[in-house]
Amino acid sequence: MRVLLLAPSLAVGGAERQLVCLANGLVSRGHIVTVALFQKHGDLLGLLNGAVSVRNLEKKGQKDIFGFLFRLRRVIKELNPDVCYSFLGVPNLCLVVMKALRISVPIVWGIRASNMNLNQYGWLSRGCHVLERRLSRFADRIIFNSEAGKKHARKHGFSLDSSRVVYNGIDTELFAFSPEAGIALRREWGVEDGQSLIGIVARLDPMKGHEVFIKAAKEAFKRNCTLRFVSVGEGVLSDDLMKTVRAYGLSEYFIWAGGRRDMNAVYNALDVCCLPSFGEGFPNVLGEAMSCGVPCIATDVGDSAVVLGKTGKVVPPGSITALATAMIDTVEKKKSDTVNLTRGRIVEFFSLAKMVEKTEAILMSLCNKSE
């Protein structure tokens, strides 16, 4: 196949990382892959296989609409792909516009979130969601990365006749048990022997539940003063969240790590990984942490419970007490076979190979190229 993958950029993010993994996987299986980006930037660019072509659509801002769409149409006509697969809302809408402009290529939408509270976002996000819902019938296939995402879309009126679910794939070679890397990072952060480090790894976004994590940290610390806490990620809420940590008297015990590129070391530094989100699709963070052998706690949103299985704890969204109790229980009852249990589940059910194979089959069925 000749495959075109469309995304805004390759800045660090769950959808973007899956695009890179899919592009590399398809190339390794003999397909011709081009990644078209609204803007050619992002730390994940360097992870693309050298055989993957990258096209820069040079989008110059929100007002650059007609020129941008013309450039996208020109690239598609030039490449003549067998199928186009878009990641995230605006790229999905762009492919529908291409259909309206008589570009006769099968289009696949990627929808990768569920239970999003759009009131916490701007007018553009809300408008895109409405347009996606109304135009979803024009997609030849819709790929959700979670059952929860598909259920959420059905509830909100998306056309799902052509939908499929393909779970995200976790790179179990990149994310692996590496205690030496974890110990080195704990020393860098000033975590001492005998202290247990509980982390939240997520962008600083209202949906990720950082405030709940901080409040639960305070409650858990009252019951176990050996606990330490770390936040890994960047975002617009950093100043407000730091104020909350100071207000709760946790500054001495709370580490603000910001954005990190050495994520394997980050996960291996943790004794527990928490994801107290209010909305998720397929939570990559849980899969990556589990692949490193780290026990996880997550709120019961998206497919978090599906990923965890019986290896971790699930708590209600927004429940501070339940999260604090789960923190303490997970630290105090950590089993000797935790690494094998958590990593084994990811290897068995959520590998990169499974994601690539299932996606490949869907794409090939659309361009009438069966194996």
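Visitor: What makes the second largest pocket a pocket, and what is its volume?
Guide: The second largest pocket has a volume of about 320 Å³, a volume being the space filled by probe spheres set on grid points joined across faces, edges and corners. A pocket is, on a 1 Å grid over the protein atoms alone, an open set of points with protein on both sides within 12 Å along at least five of seven lines, whereas in a cavity a 1.4 Å probe fits but cannot get out. The model is predicted, with local features needing pLDDT of at least 70 and side-chain atom pairs pLDDT 80 or more, while totals for chains, interfaces and linings use all residues. Residues are numbered from 1 along each chain as its sequence is written, and side-chain values use heavy atoms, without hydrogens and water.

Visitor: Which residues that line the second largest pocket are the closest to its centre?
Guide: Lining residues have an atom within 4 Å of a point; of the 14 that meet this, K310, T311, G312, K333 and K335 are the closest to the centre.

Visitor: How do you know which residues of helix α6 are buried?
Guide: Buried means under 20% relative accessible area and exposed over 50%, with a 1.4 Å probe and protein chains only; in α6 (residues 179-189), G182, L185, R186 and W189 are buried. Because these residues cover an arc of only 105° around the axis, they lie on the same side of α6, the arc being that of the directions from the helix axis to the C-beta atoms. On the other side of α6, E180, R187 and E188 are exposed.

Terms used:
Helices (H or I, at least four residues) and strands (E, at least two) are DSSP runs, numbered from the N terminus.
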